[in-house]
Amino acid sequence: MEDVCEGKDFSFPKQEESILRFWSSIRAFETQLKRTESMPEYIFYDGPPFATGLPHYGHILAGTIKDVVTRYQSMNGRHVTRRFGWDCHGLPVEFEIDTKLGIRSREDVLAMGIAAYNEECRAIVTHYVNEWEETITRTGRWIDFKNDYKTMDLKFMESVWWVFAQLWKKELVYRGFKVMPYSTGCRTPISNFEAGQNYKDVSDPAIMVSFPIVGDPHNAALVAWTTTPWTLPSNLALCVNADLVYVKVREKTSGVTYIVAESRLSQLPSKKSKSELAGAVVPPQDISSANSKSKGTSSTKTKSGVDAKSYELVEKLTGASLVGLRYVPLFDYFLKYSDTAFRVVADNYVTDDSGTGVVHCAPAFGEDDYRVCVASGIIKGVDLFVAVDADGCFTEEVSDFYGRYVKDADKDIVNAVKVRISVDISSQFFEVKGRLVNNGSVMHSYPFCWRSDTPLLYRAVPSWFVSVEKIKEQLLESNKQTDWVPDYVKEKRFHNWLENARDWAVSRSRFWGTPLPIWVSEDGIEKRVIGSIDELEQLSGAKVTDLHRHYIDHITIPSERGPEFGVLHRIDDVFDCWFESGSMPYAYIHYPFENVELFEKNFPGHFVAEGLDQTRGWFYTLMVLSTALFGKPAFRNLICNGLVLAEDGKKMSKRLKNYPSPTEVIDDYGADALRLYLVNSPVVRAEPLRFKKDGVYSVVKDVFLPWYNAYRFLVQNAKRLEVEGLAPFVPVHYEALQKSLNVLDQWINSATESLVQFVRQEMDAYRLYSVVPYLLKFIDNLTNIYVRFNRKRLKGRTGEDDCRISLSTLYHVLLTTCKVMAPFTPFFTEVLYLNLRKVSGGSEESIHFCNFPSALGKREERIEQSVTRMMTVIDLARNIRERHSKPLKTPLKEMIVVHPDSDFLEDITGKLREYVMEELNVKSVVSCNDPLNYASLRAEPDFSVLGKRLGKAMGAVAKEVKAMSEADISSFEQSGEVTFSGHCLKLNDIKILHEFKRPSGTTEKEIDAAGDGDVLVVLDLRADESLFDAGVAREVVNRIQKLRKKAGLEPTDVVEVYYEPLGKSKNVLEKIVESQEEYIKDALGSPLLHQSNTPPHAIQCAIANVFFVLSAKANIFVILCQEEFQVLLSREEQLPSVSFVVSIAKPALMFDTGAIVALYSGDEKLAESLQTYLLSRDLLNLKLEFQRGNGKIKVDSFENQLPVELELEKHVFLSAADYYSRNKELTD
């Protein structure tokens, strides 16, 4: 393995760019597809976005989810074709061209020519394709852009025709009117889904209008309420609820008689002056997206001008008795419908919780209005006349307001309603005074076009429909066959949407789209629906090369009835682009014209993923078409993500610039960090996410850097073996590692098995939201438990064999972790893998070619649980220290761990004991399996649970619960129930509180405890002078480690450490260092040498009081860094502290001069020359020579003297520490 840089120097974005170049050089994605092409297919449907805008976080989120799942499936031996798709038709494209060319009406397009217009649309469809490919590729997503599909491709469009032809054959297609959200800015109807994307709070007129009943003995008038005065000229009926009670009331002052629902009487205004009336604000009324002309939202803010004493009751009426009554129309524009219109009808959509209980019906502008008027015979659906044109202006039938935009005409219509109106109805002349009962305004939420930002109208448009309501039960059954994450979206939101599914208007009176393949004869009797290009060519005799309007509108089909019936022409309409995207599972592979076996063996597809908004969009159209065609869902598994919002909770807006661009975030922190941030957030559970750039940085800081440091620590210590002249690191075989006796090896191996098992289980269930937290916790445990607690072993201080076992364990765990994380963080895992694979023969070229790990080894659940509890114990003990200001450098005498599980206590005082003692700096760990020795039990009733259930008996029961003894509580815990005052209480009814029972004669400052409801930790905080030397030693070690870090030394750098005590108390420090010699040596990896042991050939270089190495491989003693410190020696005031200087130096040769002189028969000059020669040698090479010679080397041809044999640690020492240790042994 190659050396790696420090974490602070590791640039995640630059490394990712390097990996992108690597993937490109080996054609990684293409290679993976080639390697898996003979494996079982995994069908993934990629919903097509529009390429008329740039990708945003919503696209990156959905793309990341898709990439994670498909990478995982590929690593599990599935062939996953991933083709990017583009939604090329429809309103977004046309709107761009209309804006660009200044097109304002349908006539402008026709004047320009459909061919020219469509080619303009075609030209901009792929405007941002390069930017999309660049961004998506940079995020690490593997998907095929070269073999993409486009909804404007000939083959795709032909399959869409086939889908429609199948629906026609199944008699699921018809033509009719539908009241739909209509954009006057774009001059097209839009779906209810699109209509819900841009609501705004607006102020609209809110008026009550009277409709005098023809022939009523009291001259009574029905009163209706509306927020859309512009619909009043088209009024054809009034609707009541047959089951409601209505009242006929007379206004006491004016004598005017009104009819309203009894429950809504209070909403009628009292008689006021004109000035008062003009300023009235009317009561609220619900608005539904289906009928905005007369209904308001629950958020409506109103003030009522009610005076119930102003009216007297004339009589009560049933709603049913009003049905059939005729009334005087407001306007005379549609008197031609008088034979059937201007009557009272009934329907349950009228409620008594808003308005007046009377709804005015304009069937061309309300979905319920249209339905009710058709059902009641007011109109026939095919005869409906719409008095508003495509631009939202009144047609000539509404002569007083002809050509005016309807919203602009509201005020004048209200004024017209105010004045006296004369109406001739059925040869009867009625002169009626002003019809305005109340005039006010209402603030409510109203839908606007998400493209043009103009108010939507609800307008009847002729359309071709798919009969969704016919297959509603099949749709609900298909939904049951799918698995959604999260499942509540399927069970509630999507199920409810299907329950209320309406017939789907799939045609649009537009230009750029897939044309409806319907050819109709001039008399309208003969209709032909074409299902393929070949069929059209055979029937028409024309050659077809493109299916867009300007290529086929001129094509005619001879009538089957004979030439005298002329020819069939194609209707003008094109498909709603949602029909095209819903046809994607068939059209993207040109089914059924190609890939029949591929489709039929793998349908339904395995997986789709998009945002929550698609429950009423793509998910719905997929479900409708697949159910209609095949009686089954289009997909098996679905992940639904929430919306990514700006940090302030608002929608991300380019205009407001309230979010950082994806490119900026990736350039700063890398794509992996962004991916992990998104996937490990509420948004994967279909909840909203407030995007924070700092959150992405936190992923780098809290996840990637610790993970990288663990990897770097492995590489450094593996390289250290070679530096020390040992055999290069080769990982021990995995099976052999399973036999390790080290408890942390056993733990991390078991935890790794648990990780693999858990991730497989959750990924197979598509629960990404549970996978990522588990992965992150595992990485945290790896770095903060295994690596942290195993540093001595990993650094080789417990012997070479043990070092290789621990390094190999860390290697295999890191390698497994990388493979498990590869689908989530493809770049970082590749970086690590490419280095790790260098010491493992036969490994794959890329981590993404590897198989996903399988759980093969054994699990040690007891060890896993014990280590988890050990970390709890450590955290609890740290909390106690913090509460009492006892830093970890202060040694404590004893810690007691209280828990009833004897296995855990055996582990914590056995295998895990040394880790706990070292981490917490305690000298003794004692176990106790009887919680009552250190805790008292107290019972409290759970009032939140019992209050409602027990009522008045709560007080008596609570008193008895609180009086329970510890014996009573223990008995209750065993039996699970207890009865008080005749009420049986279970375990969840009573809270059992454990309170620390401090040993008698002690205070909180002396002994304290902490628990988590499972483990109780008791810490002895009393001072013990016998432990103080250990505390000083720990402080000295801490100072030395900080100096190493300050000097930029790596953990694997081999150095020697010297100290020089200063001042009067230096002999005290020397004694402490001597008494704690073993601890210090163990902590530092080498003895702490007194300055008196400094070699005579020392060189120093100081900059700002810190010493640094000058250079050279020569064995001259060089002090790398040096600094003065001060530590507290004793609590006694006469010896408060001592100063000392720490020097860190390169190891250098030391000699037993007497032994060398003896080699030359007492010739000191030759002995000195030999030492000078050896000091000029490279220390590492000299060490290797001694290793090859089993601790001996020969030096010949030196000063014309005979060769001499030098023996390591007799004549020559490779460090001052070795020299010091030999002399100490001789002294001892």
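1. Let's start with Cys 5. Its sulfur lies 16 Å from the closest cysteine sulfur, that of Cys 818, which is too far for a bond. Cys 5 is partly exposed, with a relative accessible area of 32% (buried means under 20%, exposed over 50% and partly exposed in between, using a 1.4 Å probe and protein chains only).

2. A word on the source before going on. This is a predicted model, in which local features need pLDDT of at least 70 and side-chain atom pairs count only at pLDDT 80 or more, while totals for chains, interfaces and linings use all residues. Residues are numbered from 1 along each chain as its sequence is written, and side-chain values use heavy atoms, with hydrogens and water left out.

3. Back to the cysteines: the structure holds zero disulfides, a disulfide being a pair of cysteine sulfur atoms within 2.5 Å. Cys 373 is in no disulfide either, and its nearest cysteine sulfur, in Cys 361, is 4.8 Å away. Cys 373 is buried, at a relative accessible area of 0%.

4. On a 1 Å grid over the protein atoms alone, a cavity is a set of points where a 1.4 Å probe fits but cannot get out, and lining residues have an atom within 4 Å of a point. Grid points are joined across faces, edges and corners, and a volume is the space filled by probe spheres set on the points.

5. The largest cavity holds about 140 Å³ of space. It is lined by 16 residues, and those closest to its centre are Gly 90, Leu 91, Arg 508, Asp 576 and Cys 577. At least two lining residues come from each of α4 (91-101), β4 (188-189) and β24 (574-575); helices (H or I, at least four residues) and strands (E, at least two) are DSSP runs numbered from the N terminus. By class, this lining has seven nonpolar, four polar and five charged residues (Ala, Val, Leu, Ile, Met, Phe, Trp, Tyr, Cys and Pro count as nonpolar, Asp, Glu, Lys and Arg as charged, and the others, Gly among them, as polar).

6. The second largest cavity has about 80 Å³ of space. Its lining includes Ser 234, Phe 334, Tyr 337 and Phe 385, and is made up of seven nonpolar residues, one polar and no charged ones.

7. Finally, have a look at Gln 1076, in the loop between α38 (1066-1075) and α39 (1077-1084). Gln 1076 is buried, with a relative accessible area of 18%. Leaving aside residues up to four places away in sequence, Gln 1076 touches Asp 1029, Ala 1030 and Ala 1033 (contact means heavy atoms within 4.5 Å).

Terms used. 1 Å grid on protein atoms, 1.4 Å probe; cavity = no way out; pocket = protein on both sides within 12 Å on 5 of 7 lines; lining within 4 Å.
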